[in-house]
Amino acid sequence: MSTSEQADHGVSLDAQRHRLAAYCEAHGLALLRIETDAGVSARRTTNRPALQRALRALAKGEASGLVAVKLDRLSRTTRDVLDLVSRAEKETWALHSIDERLDTSSPQGRFVVTILGALAQLEREQAAERTKSAMAELRRQGRRISGKAPFGFRFEG
């Protein structure tokens, strides 16, 4: 949950818990515990105490996998998701994502995550190129591209 209001008043946490339990039961996985970072953004994995607890448990061999409802519940950055996949492979635990139907315990699952990460990176780079082109056109037209004047200048009017 990305806001404390959603965590306190939403039904999403209960819905996520139910989906996790159902997934584990359907796939023959023992659900050891559910870690919740209520009200904490998934922007970065490092600022998520519950996720860090889960990762420590995985590293110690206390669990054999991590199940998330969606990849963006784990992190909003492609790099972090790919780092988690790499860590899972290195430490020999599986990363499951219910919505994306991913299971990184298989070569196919790891391949799909890599493709999704590459597509996200491509989109991010294309957006940067479009922004760069638009800024160049504004400069060519002599239009302002920043809210701050260059050092030694000031805007008038």
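Some ground rules come first. Residues are numbered from 1 along each chain as its sequence is written. Because the model is predicted, local features need pLDDT of at least 70 and side-chain atom pairs count only at pLDDT 80 or more, while totals for chains, interfaces and linings use all residues; side-chain values use heavy atoms, with hydrogens and water left out.

Start with the fold. The protein has six helices and three strands. Both are DSSP runs numbered from the N terminus: helices are H or I with at least four residues, strands are E with at least two. From the N terminus on, the order is α-α-α-β-α-α-β-β-α.

Next, confidence. pLDDT is the predictor's confidence in each residue, from 0 to 100. Its mean for the protein is 82, and 87% of the residues reach 70 or more. Among the elements, strand β1 (residues 65–68) has the highest mean, 93. Helix α1 (residues 4–9) has the lowest, 40. Over residues 1–11, pLDDT stays under 50. The model has 20 contacts beyond four places in sequence for that stretch, a contact being heavy atoms within 4.5 Å. Where pLDDT is low, the predicted coordinates should not be read in detail.

Now the packing. Of the contacts with a separation of 6 or more, 55% come from residues 24 or more positions apart. Buried residues make up 25% of the 157 residues. Buried means under 20% relative accessible area, exposed over 50%, and partly exposed in between, with a 1.4 Å probe and protein chains only. The protein exposes about 10,700 Å², and carbon and sulfur atoms supply 53% of that area. The areas come from the Shrake-Rupley method with a 1.4 Å probe; for residues, only the protein chains shown count as cover.

Last, the charges. Side chains of opposite charge can pair when their charged atoms come close. The structure holds 10 salt bridges, each a side-chain nitrogen of Lys or Arg within 4 Å of a carboxyl oxygen of Asp or Glu.

One of them joins Glu137 to Arg140, with the closest N and O atoms 2.7 Å apart. The two residues sit three apart in helix α6 (residues 107–140), so about one helical turn separates them. Glu137 is partly exposed at 30%; Arg140 is exposed at 62%.

Another pairs Arg154 with Glu156, at 3.6 Å between the closest N and O atoms. Both residues are exposed. Elsewhere, salt bridges that share partners join Arg33, Glu35 and Arg53 into one network. Within it, Glu35 bridges to Arg33, the closest N and O atoms being 2.7 Å apart. Glu35 is partly exposed at 27%, and Arg33 is partly exposed at 46%.
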